[in-house]
Number of protein chains: 2
Amino acid sequence: MKRELVNYISSHMDLPEKLEKIVLDSSNIKKYKKGTLILKEDTIANESFFVLKGCLRSYLLKDGDEKTIEFYTEGQPVVPKNYGKKIPTEQYLECVEETIVNVNSPEHEAEMFQKHPEFESVCRILGEIILEKQQELFVNYKMATPEDRYTHLRNTRPDLLQRVPQYQIASYLGLTPQSLSRIRKRLVDK
Amino acid sequence: MKRELVNYISSHMDLPEKLEKIVLDSSNIKKYKKGTLILKEDTIANESFFVLKGCLRSYLLKDGDEKTIEFYTEGQPVVPKNYGKKIPTEQYLECVEETIVNVNSPEHEAEMFQKHPEFESVCRILGEIILEKQQELFVNYKMATPEDRYTHLRNTRPDLLQRVPQYQIASYLGLTPQSLSRIRKRLVDK
C-alpha cells in the first residue's frame, strides 16, 4: 500500500530510484477507525497526511454547526491549516470511513531535508501541485452556482455521493440539506 | 524598491546575505500602466509576480461577466492558475492602478535552482506560505455570509475599498452591486 505514495509522487516528477527507496523506508502508515477525529480545533496541527485508503473530512465549527471544507480520498494529500505552525488550528479532520494514511510531520521533513537535500526539490514541486489544486477549488467554488457545484461534484467525484452522508455533502456545497434535495429533484425531473 | 522582495522573503525565513544579494541582482522589475492586462484567457501563464507598488486584479469571464477572484497589492506574491503549465489559463490579470512588479518565470527559476540549489528550500518555504494564504481565503469565503465577507474585507484590507471600483468589490465578495449597497447601508444604519 505504501507504493501508492511513490506512485503519486512519480506521477508529478521523475523520482530517482534512490529517493523512491527512501520514501518507502521512511513511510509512517496509520490506520484509524471510522469516526476518529485525527485533528481537533484548538490543537497544534503537527501532522500532514496522504490518504492510502478511506476518506477524511475537514470541517470547522461555526455557531455550533459543522461547515465541511473538503473531503479527501485515496491518493490525496492533506495539509491542514496552520500545519507546522505554533498557532492552534480551527480545523477538524474526521475519518468518514475506516481510513489508512501515511503520516508526515515537520520534524520528519526537517530530518529528511538534512539527510537528503534532494527532497527539498521533491517537496517544492509537490507544494506547487497542492497549491494549484487549492486554487482550482477556490475558483470553482467562487464561480459556480450551488447547482453547478453539485453537477461538478457528481461528474468529477461520483463516489463521494455514495460514501458520504447527504447533510455533509450539502454543507460541502454551501447548501442546506433541503436545498440539496430540491436541486437533486430538479435535475432528475429534467 | 527591489528591497521589498528581500524584505518579504526575510519576513518568513533567515535569508543568508549571499542569497539576498542574488535576489537583488536577479530581480526583473516591470512597470505597467493602469488598465494593462498582464495575463489573458487562453494564453500560457508563463510569469508569476510580486507586487512592489499598485494593485492587480485577477478575474475570469463567465457568460461574458467578469468574476473577480482576488486583488493583490504591495507585498503580495501572485501565482496565476496553471503557472508554468503548458495548459492555457482561463485567468485575467489586470492592473487596477499603475503597477510595479517583480516578474519571475519557470525558466528563470530553473536557472536559479541549477546555479544556487539553496533556492529550492527558499521556494519550498514560500510555496508553503502561499498555500496557507490560499487555504485561508477559501475557508474564509466558504464559511462566511456575504455580510461577513464585507466586514472582514473592511477590517483587514480597508485600503481596497478606496482603491477599487465598487462593482469589482461586489463581484469579489460574490454579490451584485445592489446587494453590496444594501449591506453597506445596513451596516451604516446599525
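**Sheets, helices and a cavity**

Mentor: Begin with one strand pair: β2(A) and strand β7 (residues 92–95) of chain A run antiparallel and are joined by two bridges. Two strands count as paired if DSSP finds at least two bridges between them. Within this pair, A:L39 has A:L93 in β7(A) as its bridge partner. This is a predicted model, in which local features need pLDDT of at least 70 and side-chain atom pairs pLDDT 80 or more, while totals for chains, interfaces and linings use all residues. Residues are numbered from 1 along each chain as written, chains are lettered from A and ligands numbered from 1 in written order, and side-chain values use heavy atoms, without hydrogens or water.

Trainee: In what order do the strands of the open sheet in chain A lie?

Mentor: The order is β2-β7-β4-β5, with antiparallel pairing. Strands are DSSP runs of E (at least two residues) and helices runs of H or I (at least four), numbered from the N terminus. β2 (37–39) and β5 (65–72) of chain A pair on one side only, as edge strands. From one strand to the next the twist averages 35°.

Trainee: What packs on that sheet, touching β4 (56–62) and β5 of chain A?

Mentor: α4(B) does, and its direction makes about 140° with that of β5(A). Contact means heavy atoms within 4.5 Å. Angles run from 0 to 180 degrees between N-to-C directions; axes are lines fitted to C-alpha atoms, for helices over the stretch in contact.

Trainee: How is the open sheet of chain B arranged?

Mentor: Four strands follow the order β2-β7-β4-β5, paired antiparallel. Four bridges connect β4(B) with β7 (residues 92–95) of chain B; B:R57 has B:E94 in β7(B) as its partner. Helix α7 (residues 166–173) of chain B packs on this sheet, touching β4, β5 and β7 of chain B, at about 95° to β5(B).

Trainee: At what angle do α2 and α4 of chain B pack?

Mentor: α2 (residues 17–25) and α4 (residues 118–143) of chain B pack at about 80°, with axes 11 Å apart. They are therefore roughly perpendicular; that class covers 65 to 115 degrees, with under 35 roughly parallel, over 145 roughly antiparallel and the rest oblique. B:K18, B:L19, B:I22 and B:V23 of α2(B) meet B:E118, B:F119 and B:V122 of α4(B). That contact has five nonpolar, no polar and two charged residues.

Trainee: How many cavities of 30 Å³ or more are counted?

Mentor: Rolling a probe the size of a water molecule over the atoms shows where empty space is left. Here a cavity is a set of points on a 1 Å grid where a 1.4 Å probe fits but cannot get out, and lining residues have an atom within 4 Å of a point. The count is one, and the largest cavity holds about 110 Å³. Among its 13 lining residues, A:Q135, A:V139, B:I69, B:Y72 and B:Q91 are closest to the centre. α4 (118–143) of chain A and β4 (55–62), β5 (65–73) and α4 of chain B each supply at least two lining residues. The lining has seven nonpolar, four polar and two charged residues. Nonpolar means Ala, Val, Leu, Ile, Met, Phe, Trp, Tyr, Cys and Pro, charged means Asp, Glu, Lys and Arg, and the others, Gly among them, are polar.

Notes
On a 1 Å grid over the protein atoms alone, a cavity is a set of points where a 1.4 Å probe fits but cannot get out, and a pocket is an open set with protein on both sides within 12 Å along at least five of seven lines; lining residues have an atom within 4 Å of a point. Grid points are joined across faces, edges and corners, and a volume is the space filled by probe spheres set on the points.
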